[in-house]
Amino acid sequence: MATTTVEVVSPTKVLFRGEAEMVVTRSVDGEIAFLADHVPLLAALDSCVTRVIAEGGNETRIALGGGFVEVRDNQVSILAADAALADDIDVDAARAELAAAEQRQRDAAGDEAA
């Protein structure tokens with residue numbers, strides 16, 4: 001199957017650079033997939049898990065906290081506001097951060113009601 005060049009970058013590092021058969025991500029308008037020679041596109045991305053599927057079916061999953069995707073000249077470029085390789089995420093730490101953020105939100109809502 002034909003491939004496309006893919007690059008996924010965040011403000012701090014390059015998370016993926018290479019060839020892929022398909023890239024699946026979520027724009028603010030819904031899920032979208034890119035194959036080789038996709039028509040040019042520029043779209044805002046929602047928070048999501050982006051899948052980069054290489055030849056042979058090997059898949060790299062990248063958690064994105066929004067950003068932009070540009071497709072042109074058989075290249076998919078994703079500029080993420082925040083991103084991490086799925087294999088690098090500490091799930092317990094992420095759950096703890098989420099719980100703390102939710103508590104701060106409840107505390108702030110309580111302060112406004114007083």
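Helices (H or I, at least four residues) and strands (E, at least two) are taken as DSSP runs and numbered from the N terminus. The structure described here is a predicted model, in which local features need pLDDT of at least 70 and side-chain atom pairs count only at pLDDT 80 or more, while totals for chains, interfaces and linings use all residues. Residues are numbered from 1 along each chain as its sequence is written, and side-chain values use heavy atoms, with hydrogens and water left out.

The protein contains 1 helix and 8 strands, and their order along the sequence is β-β-β-β-β-β-β-β-α. The radius of gyration, taken over C-alpha atoms, is 17 Å, whereas a compact globule of 114 residues would have a value near 13 Å; the globule rule is 2.2 Å times the number of residues to the power 0.38. Along the principal axes, the C-alpha atoms fill a box of roughly 60 × 25 × 25 Å.

The accessible surface amounts to about 7200 Å², and carbon and sulfur atoms contribute 50% of this area. These areas come from the Shrake-Rupley method with a 1.4 Å probe, and for residues only the protein chains shown count as cover. A residue is termed buried under 20% relative accessible area, exposed over 50%, and partly exposed in between (1.4 Å probe, protein chains only). By this criterion, 30% of the 114 residues are buried. Contact means heavy atoms within 4.5 Å. Among the contacts with a separation of 6 or more, 43% join residues 24 or more positions apart.

The loop between β4 and β5 holds Leu 35, which is partly exposed at a relative accessible area of 40%. When neighbours within four places in sequence are left aside, Leu 35 is in contact with Met 1, Glu 21 and Met 22. Leu 35 and Gln 103 are separated by 68 residues in sequence and by 42 Å in space, C-alpha to C-alpha. The loop between β4 (30-34) and β5 (41-53) also includes Asp 37. Although Asp 37 is not a glycine, its phi is positive, at about 60°, and the residue is exposed with a relative accessible area of 62%.

With Lys and Arg counted as positive, Asp and Glu as negative, and His and the chain ends not counted, the protein has 9 positive and 21 negative side chains. The centres of the two sets lie 2 Å apart, the place of each charge being NZ of Lys, CZ of Arg, CG of Asp or CD of Glu.

Side chains of opposite charge can pair when their charged atoms come close. A salt bridge is defined as a side-chain nitrogen of Lys or Arg within 4 Å of a carboxyl oxygen of Asp or Glu, and 4 are found in the whole structure. In one of them, Glu 7 pairs with Arg 17, with 2.5 Å between the closest N and O atoms. Glu 7 belongs to strand β1 (residues 4-9) and Arg 17 to strand β2 (residues 14-20), so this pair ties together parts that are 10 residues apart in sequence. Glu 7 is partly exposed at 23%, whereas Arg 17 is exposed at 58%.

Glu 59 and Arg 61 form another salt bridge (2.9 Å, N to O). A network of salt bridges links Glu 70, Arg 72 and Asp 73, including the pair Arg 72 and Asp 73 (3.6 Å, N to O). Asp 73 lies in the loop between β6 (59-72) and β7 (75-80) and has a positive phi of about 50° although it is not a glycine.
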